[in-house]
Amino acid sequence: MLRRRSDSRRRVGLGTVQSPLRLRASAILAVAALAVLLLPVPGSRQLPSYRTVRVDAEAYAYTPAVVEVAYGDTVEIELVSNDVVHGIYIEGYDLSVSADPGQTARLRFVADRGGSFRFYCSVSCGPLHPFMSGRLKVGGGGLFWRAAGIVLIGAAALFLVRWR
Amino acid sequence: MRRLDLARPVMVKRLLRSRWPQLLATLAALSGFTFAIAAGLFGTPVGNRNFAVVFIWIAWWAVLVLVLVPILGRGWCSVCPIPAPGEWLQRGAILGPDRRGLGFDRRWPRRLRNIWLQNAGFLLLALFAVVVLTHPTVTAVLLLVILLLATGVSLLFERRAFCRYLCPVGGFIGLYSQLAPVELRVRDSSVCASHREKTCYTGNNDGYGCPWQVFPAGLVKNINCGLCMECVRTCPYDNIALNLRAPGSDLLEARGRRLDEAYKAFIMLGAAIVYSAVMLGPWSVLKTAAYSVGSQAWAAYAAGFMAFVLGALPGFFFLAVHFGCRLAGCARPRKAFTSLSYSLVPLGLAAWVAFSVSFALANGSYIWPLLSDPLGWGWDLVGLRGASWSPYLTGLVGPIQAVVLIGGFAWSGVSAKRIARQLVAADAAGESGDRLALPVVLFGLLITLILLALFVA
């Protein structure tokens, strides 16, 4: 058993928050959690526009590897393959296109689903093909911020809410 | 804590005592692994068109990490084909204990009775993972080497020394089996204490002594129980229970916490973070470095991997525990470090589940054409050769990963608080325990945010 310091049970601190305060803390954390889940995240209210993005595919990599667009944008991806046949498949949107070497293929869609989506090569292009991927971020990556917010609130709840 | 004994009904008891279901499952798995070796050696070198890569690293891995380990703990170990040939030779029998087997039956060296070798083996494989995962031949050679090693160890040493001390996969299955809602325990330990023959350990006409070298009455965690059911067969007093319990009960068991297992938690958590960055991230420089074995880039990747997993991760965790100890006034930060490391086990499993969900759903459809053409030779056995690659549930991958990671963090946080409360004096458990747990929870929070950034940012 480890040695401990003596602590006053009456002091308000970690693990000893008094009941009314605990109740208040629980209510505040619950409201915060609802706000994190329901409120729009920053960057998700930009005006939609038409975006053309050139994506180069070469040696198991996309350039740029991260494509950021606003929610509601009409996006045209110009996929340019610089070595072998490559494709692009966008998770969440379930869209794909492939480009022959030296050629450009176009994929047009409306970014009407917010969040961060992986895109990866849809044509077997060599040993590292399963790992050839990038990211499409639509409207500021709401899922990450919401999940991070819930984790922070959960951490606070661990120490502020009555817990056995 | 309440438990439901699943082995009480006569039908279940008969099923557990019978060797046939286990043998049939093992034979099926052995057939699959043997065919994977053959496919890897003689089939197409294209990974996603070869049975070896798709069967082992997509199908088997997904079932293991997403289903078997979280639900059954070491359930896979009870039917694993890798040690089977060696065990059959060692016993001189495939079923009952009625013949004298081959082998020298030597005891495993006392100094190596820990999982440090398993930790080292896993790390060694982890450094070559990108090559192993993408090249059928390398996968086949690896399987063959492990199969031969397991057979050799079974012939030289007693019981399942390979599974207990060497298997690189067994180490992490054991670690995460602590979270499973199933456990094998004795019903009444006083019965075992008065049983002079201890047939569960020594064996009798009905079964073998525990292959995992565990005395069931001393079992307090799932880590070293392979769920082989030999003790169910050899106990003359029907004193072995297969309990349904609260998941993760083992984490709160203060007995038997060890540094080698604590390090396993860091290795697995660290490997999940690195793999997620390398295999799922958009950074081609990382992928190329991890793939170019022998190059300077790979050496830098390997050094970084080791430094992160063995140095930075446990180092920062130790600082967190040390700080917590100062806040709580505990005197033995090293013991607290080992004990609190177990709180990272749920977060580690969550990280692996989140990683594997993405990998399995994105690549799972490679399985269908392989049913028609497992070697990539142009066959079309069941008319599925033309089945196209089509990722599953892609709109749900991110939300699933986020929910799993949030759950893993919450479970780790609660476990940290409970373990911390054990570490301080019982009468001051509330406040001092929480003070000790606070930096540990913040460490888990940071890791969770990193994982969320890798998966869904």
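Which residue stands opposite Asp56(A) in S2(A)? The legends below, which describe a predicted model, take up this pairing and then turn to other close-up views.

**View 1. The hairpin of S1(A) and S2(A).** Strand S1 (residues 50–58) of chain A pairs with strand S2 (residues 61–63) of chain A in the antiparallel sense, and three bridges join the two. Within this pairing, the residue that stands opposite Asp56(A) is Thr63(A). Two residues lie between the strands of the hairpin, in which Ala59(A) takes a positive phi near 50°.

**View 2. The pairing of S1(A) with S4(A).** S1(A) also pairs with S4(A), here in the parallel sense and over eight bridges. Val55(A), for example, has Leu79(A) in S4(A) as its bridge partner.

**View 3. Asn82(A) in the loop between S4(A) and S5(A).** Asn82(A) is placed in the loop that connects strand S4 (74–81) and strand S5 (86–90) of chain A. When its neighbours within four places in sequence are left aside, Asn82(A) is in contact with Asp56(A), Ala57(A) and Glu58(A). The C-alpha atoms of Asn82(A) and Thr104(A), residues that are 22 apart along the chain, are separated by 9.5 Å.

**View 4. The open sheet of five strands in chain A.** The strands of this sheet follow the order S3-S9-S8-S5-S6, and their pairing is mixed. Strand S3 (66–69) and strand S6 (95–99) of chain A stand at the edges and have a single partner strand each, so one side of each is left without a neighbour in the sheet. From one strand to the next, the twist averages 20°.

View 5. Chain A has two helices and nine strands, which, read along the sequence, follow the pattern α-β-β-β-β-β-β-β-β-β-α. Of the 164 residues in chain A, 40% are buried. Among the contacts in chain A between residues at least 6 apart in sequence, 66% join residues that are at least 24 apart.

**View 6. The side of chain A that touches chain B.** Here 43 residues of chain A are in contact with 52 residues of chain B. On the chain A side, the elements that give two or more residues are strand S8 (115–120), strand S9 (133–138) and helix H2 (142–160), and the largest share, ten residues, comes from H2(A). By class, the residues of this side divide into 22 nonpolar, 13 polar and eight charged.

**View 7. The crossing of H5(B) and H9(B).** The axes of helix H5 (residues 116–127) and helix H9 (residues 168–176) of chain B come within 7 Å and cross at roughly 115°, and the two helices are therefore roughly perpendicular to each other. H5(B) passes H9(B) in a left-handed crossing. The contact is made by Gln118(B), Asn119(B), Gly121(B), Phe122(B) and Leu125(B) on H5(B), together with Pro168(B), Gly170(B), Gly171(B) and Phe172(B) on H9(B). By class, this contact has four nonpolar and five polar residues, and no charged residues.

Definitions and conventions
Residues numbered from 1 in each chain as written. Chains lettered and ligands numbered in written order. Predicted model: local features only at pLDDT ≥ 70, side-chain atom pairs only at ≥ 80, totals over all residues. Contact = placed C-beta atoms within 7 Å. Helix = DSSP H or I, 4+ residues; strand = E, 2+ residues; numbered from the N terminus. Nonpolar A, V, L, I, M, F, W, Y, C, P; charged D, E, K, R; others polar. Buried ≥ 20, exposed ≤ 12 C-beta atoms within 10 Å, placed from the backbone. Axes fitted to C-alpha atoms, helices over the stretch in contact; angles between N-to-C directions. Parallel < 35°, antiparallel > 145°, perpendicular 65-115°, else oblique. Left-handed = near helix turned anticlockwise from the far one by under 90°. Pairing = 2+ DSSP bridges.
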